[in-house]
Amino acid sequence: MNLMHPLRLAAFAIDQQGGNPAGVVIADHHPTVAEMRQIAADVGYSETVFARADGDGWRVRYFSPESEVPFCGHATIALGAALADRFGDGIFDLTLNAAQITVEGRHSDTHLHAALQSPPTKSKPATEPVTEAALQLFGLTANDLDPRIKPSLANAGADHLILTLNSRATLAGMAYPLDTGKKLMRTHGLVTIALVWPASDTLFHVRNAFASGGVLEDPATGAAAAAFAGMLRDIDWPHGGEITLIQGEDMGAKSMITAQISPTPGSSIRISGGVRYL
């Protein structure tokens, strides 16, 4: 595969529509860091994943247009579908910078589907200074938050701030200055800030600010979905073992993420969705 012409796929698509675009580079070696950063910038999506054969598995790195990312869910889903399309259906072992995970890919004449097992999860309440700074960033107040789910820092391979809102209209109105958001996220080590509205105990509408990577908003964020699902498990939310996240709808790129939650605290979350070529 020519490294300057990556595959382009959209993960978490619904019936061949919507989804979050990712670049996928499958090669026998990784380019240099500078080259991977440049390729990601040229592709222009929120992330591009680079995979090279590594024994029986794959060594994987992720780059946004501006920085390396420790873990990216939607790019992993796109990679799983691309590997299945190229090598046949199966479960593929992936070695990340700081974790070992798997992705399962399936393909047919009309559909691609993939499911990943996230890194282990952890969460804790967000500090008041981080919460206040994030609320100011989005022009929100504490009255806009759903008191059932406190602001939290959640991790499933990368750190995400979770703010749960009490209104779908407030979610739809999400806006913030990119440069201010980038400074806040990089200062506090956040990959994204997720704004979440619970439509029910198992259905959530989500928007993810990704200023840390130079992107205003992601239409589907598997890593944040895994972190959020792990956080729900930590607070004993009645998730019933599986939740659905609808993301990207307010961007015109409606996407659907399924998260299966085992009862074991801190264990991997299974994230799955449809994939389409672009």
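How many of the 8 residues of β13 are buried? The count is 7, and β13 is mostly covered. Buried here means under 20% relative accessible area, exposed means over 50%, and partly exposed lies in between (1.4 Å probe, protein chains only).

1. **Basis.** This is a predicted model, in which local features need pLDDT of at least 70, side-chain atom pairs count only at pLDDT 80 or more, and totals for chains, interfaces and linings use all residues. Residues are numbered from 1 along each chain as its sequence is written, and side-chain values use heavy atoms, with hydrogens and water left out. Helices (H or I, at least four residues) and strands (E, at least two) are DSSP runs, numbered from the N terminus.

2. **β13 and its partners.** Two strands pair if DSSP finds at least two bridges between them. β12 and β13 run antiparallel, joined by 6 bridges. A hairpin of 4 residues links β12 to β13. Within this pair, Ala-194 has Asn-208 of β13 as its bridge partner. β13 also pairs with β15 (residues 242–247), this time in the parallel sense, over 4 bridges. There, His-205 has Ile-246 of β15 as its bridge partner.

3. **The β13–β14 hairpin.** β14 (residues 215–218) runs antiparallel to β13, with 3 bridges between them. Asn-208 stands opposite Asp-218 of β14. This hairpin has 4 residues between the strands, and Gly-214 takes a positive phi near 80°.

4. **His-160.** This residue sits in strand β11 (residues 159–164). His-160 is buried, at 1% relative accessible area. Its side chain makes a polar contact of 2.7 Å with the side chain of Thr-192. A polar contact is a pair of N or O atoms within 3.5 Å; within protein, one must be able to donate a hydrogen and the other to accept it, and residues adjacent in sequence count only if both atoms are side-chain atoms. Leaving aside neighbours within four places in sequence, the contacts of His-160 include Ser-152, Leu-190, Thr-192 and Ala-227. The C-alpha atoms of His-160 and Ala-194 are separated by 7.0 Å, although the two residues are 34 apart along the chain.

5. **Helix α5.** Which residues of α5 (residues 178–188) are buried? They are Gly-181, Lys-182, Leu-184 and Met-185. Seen down the axis of α5, these residues fall within an arc of 170°, so they line one face of the helix. The arc is that of the directions from the helix axis to the C-beta atoms. Asp-179, Lys-183 and Thr-187 are exposed, on the face turned away from the buried side. The cover over the buried residues includes α3 (128–138), β12 (192–198) and β13 (203–210). Gly-189 follows α5 and has a positive phi, near 70°.

6. **Helix α2.** The 15 residues of α2 (residues 73–87) reach 21 Å from first C-alpha to last, close to the 21 Å expected at 1.5 Å a residue. The expected span is 1.5 Å times one less than the number of residues. In α2, 12 of the 15 residues are buried, so the helix is largely enclosed by the rest of the structure. Among them are His-74, Thr-76, Leu-79 and Leu-83. Gly-88 follows α2, with a positive phi near 105°.

7. **Nonpolar cores.** A nonpolar core is a set of buried Ala, Val, Leu, Ile, Met, Phe, Trp, Tyr and Cys residues joined through side-chain atoms within 4.5 Å. The largest has 60 residues, and those with the most contacts inside it include Val-60, Leu-79, Phe-228 and Ile-271. Helix α6 (residues 222–234) gives the most to this core, with 8 residues. A second, separate core has 21 residues, among them Leu-140, Leu-165, Leu-195 and Ala-209. Leu-79 touches Val-24, Ile-26, Val-49, Ala-51, Val-60 and Leu-94, not counting residues up to four places away in sequence.

8. **Backbone points to check.** Most residues other than glycine have a negative phi. Phe-12 is not a glycine, yet its phi is positive, about 70°. Phe-12 lies in strand β1 (residues 7–13) and is buried, at 0% relative accessible area. Asp-236 also has a positive phi, about 60°, without being a glycine. Asp-236 is in the loop between α6 and β15 and counts as exposed, at 69% relative accessibility.

Conventions:
Contact means heavy atoms within 4.5 Å.
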